[in-house]
Amino acid sequence: MHAGLRITAFAAALAATFGTAYGVGKGVDPVVDEPAPARHESHGEAPAAPESGAGHGGHETKPAGGLQISEGGYTLDLRTPGLTAGERSDLSFVIRDDDGRAVTAYRREHDKELHLIVASRDLGTYRHLHPTRAADGTWSIPVELPRAGSYRVFADFTPATKGAENLTLGADLAAAGPFEPQRMPAPNTTAKVHGYDVRLDGVLRPGKERELKLKVSRSGRPVTDLQPYLGAYGHLVALRAGDLAYLHVHPAGEPGDGRTKPGPEISFTATAPSSGTYRLFLDFKHEGKVHTAQFTVRAGVTATVSEATGHEDGTAEHGH
């Protein structure tokens, strides 16, 4: 994860960058919730996009992350290229430097040395996990993927080397078993997750900063006591359909800074580099549990509550 409110945006080609964030808190570490399955639409090949993005706090722009397996002198060596759907297995990998040596020193960001995202290509399955690192630099964590198909693994980290920048490297992962494509969930501005309702207000505009507000309520009442999770009140990850360009944004302010209040609204400033469909995953913590609300948005299309459809996310998985 990133410190100082930078977006983790890297890798070349398609860039979809979510700019700085402001409002309530900083990134939360996700739980995994799975949207209701439907038929999958083919992605096709995504068009190339200009290098755009934003560092935390709106500094230098960068390409979107997760599209490259190697960048900045570091490589993601995925030791587990395949799993069996429905079975719990260890997922392991190593981050290597230019000399092929395993990296064993990382800068802690949001209480963790490395954050791992696993998402299916159809964006129907999403996991945010925290693997453990052995002394030799090997990271591992038990994972159970619910459906067969193609997945993308994102490793989000910052090496402890002086001057090293935050990176998000990506690699493909296959889950064996009977495969049935899933359709991208329809655009929605309200999501239901474990008894909570989350409303999304705002719109993504290609090349322009826009505000996204997410409001949490339960039983018709605003939730005003969101809890910090990994030093934050809200955490937003966005993946673009087609290429799975990785965008990671944190709201500005930290719990206890005197400026930030614990909900029910979390605000972000976001910039989409191009038109297209995006999946947004918002993580928040309340009453000791982390929940993930999921949205489908189209850049350039205004979200209105009247056109929204909510869906109940069934399963959740925390990475610790």
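In this predicted model, Trp139 is buried, at 3% relative accessibility. Phe93 is buried too, with a relative accessible area of 0%. Seven aromatic pairs occur in the structure. Tyr74 and Phe157 are both buried. The rings of Phe93 and Trp139 also pair; their centres lie 6.4 Å apart and their planes stand at 10°, so this pair is stacked. Here strand S4 (residues 89-96) supplies Phe93 and strand S8 (residues 138-143) supplies Trp139, so the linked parts are 46 residues apart in sequence. A single aromatic cluster is formed by Tyr74, Phe93, Tyr106, Trp139 and Phe157.

Strand pairing was examined next. Strand S13 (residues 209-218) and S17 run antiparallel, joined by seven bridges. Within this pairing, Leu214 has Ile266 of S17 as its bridge partner. S17 (residues 265-271) is mostly covered, with six of its seven residues buried.

Most residues other than glycine have a negative phi. Leu123, not a glycine, has a positive phi of about 60°. Leu123 sits in the loop between strand S5 (114-120) and strand S6 (126-129). Its relative accessible area is 1%, so Leu123 is buried. His194 likewise has a positive phi, near 55°. The loop between strand S11 (190-193) and strand S12 (196-202) holds His194. His194 counts as partly exposed, at 33% relative accessibility.

Key
Residues numbered from 1 in each chain as written. Predicted model: local features only at pLDDT ≥ 70, side-chain atom pairs only at ≥ 80, totals over all residues. Heavy atoms only, no water. Buried < 20%, exposed > 50% of the residue type's maximum accessible area, 1.4 Å probe, protein only. Helix = DSSP H or I, 4+ residues; strand = E, 2+ residues; numbered from the N terminus. Pairing = 2+ DSSP bridges. Phe/Tyr/Trp six-rings, centres within 6.5 Å; stacked < 30°, edge-to-face > 60°.
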